[in-house]
Amino acid sequence: MNWILLITAGLLEVAWAYGLKQSNGFTKPLISFFTILTMAASFYCLSVALKSLPLSLAYAVWVGIGVIGSAIIGMTLLSEGVNLLKIASLLLIALGIIGLKLAN
């Protein structure tokens with residue numbers, strides 16, 4: 001159950017990061033509300049997952065989902081460009097998280 005909460009927290013992090021971009025500095029009320037709501041939900045899910053998961057692993061997974069997911073959103077929805085170095089860097093982040101999991 002805690003892994004489901006952690007993955008949910010990471011996906012919510014992607015949602016609020018995208019919301020931050022779309023809110024234009026919190027000048028769009030509806031998107032700003034969505035962003036704040038998803039931030040709170042993400043932190044709540046993370047905090048519950050941390051009750052039984054190691055901090056180093058849980059935080060790395062949460063941030064990793066956020067980084068990789070945000071990069072994918074940027075490349076696909078925001079036309080931020082795709083290149084080999086960007087893809088390789090995201091794979092290295094994923095490998096680092098897998099390494100932390102294997103070390104725990």
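Helices here are DSSP runs of H or I with at least four residues, numbered from the N terminus. The model is predicted, so local features need pLDDT of at least 70, side-chain atom pairs count only at pLDDT 80 or more, and totals for chains, interfaces and linings use all residues. Residues are numbered from 1 along each chain as its sequence is written, and side-chain values use heavy atoms, with hydrogens and water left out.

Begin at asparagine 24. This residue follows helix 1 and has a positive phi, near 55°.

Step back to serine 23, which lies in helix 1. Serine 23 is buried, with a relative accessible area of 1%; buried means under 20% relative accessible area with a 1.4 Å probe, counting protein chains only. Apart from neighbours within four places in sequence, serine 23 is in contact (heavy atoms within 4.5 Å) with Lys28, Ile31 and Ser32.

Now select the other buried residues of helix 1, among them Leu5, Leu6, Ala9, Trp16 and Gly19. Their cover includes helix 2 and helix 3 (55–77).

Next, show helix 1 (residues 2–23) with helix 2 (residues 29–49): their axes come within 8 Å and cross at roughly 155°. Axes are lines fitted to C-alpha atoms over the stretch in contact, and angles run from 0 to 180 degrees between N-to-C directions. The two helices are therefore roughly antiparallel to each other, a term for angles over 145 degrees. At the contact of helix 1 with helix 2, the residues comprise 15 nonpolar, nine polar and one charged; Ala, Val, Leu, Ile, Met, Phe, Trp, Tyr, Cys and Pro count as nonpolar, Asp, Glu, Lys and Arg as charged, and the others, Gly among them, as polar.

Notes. Angles under 35 degrees count as roughly parallel, over 145 as roughly antiparallel, 65 to 115 as roughly perpendicular and the rest as oblique. Buried means under 20% relative accessible area, exposed over 50%, partly exposed in between (1.4 Å probe, protein chains only).
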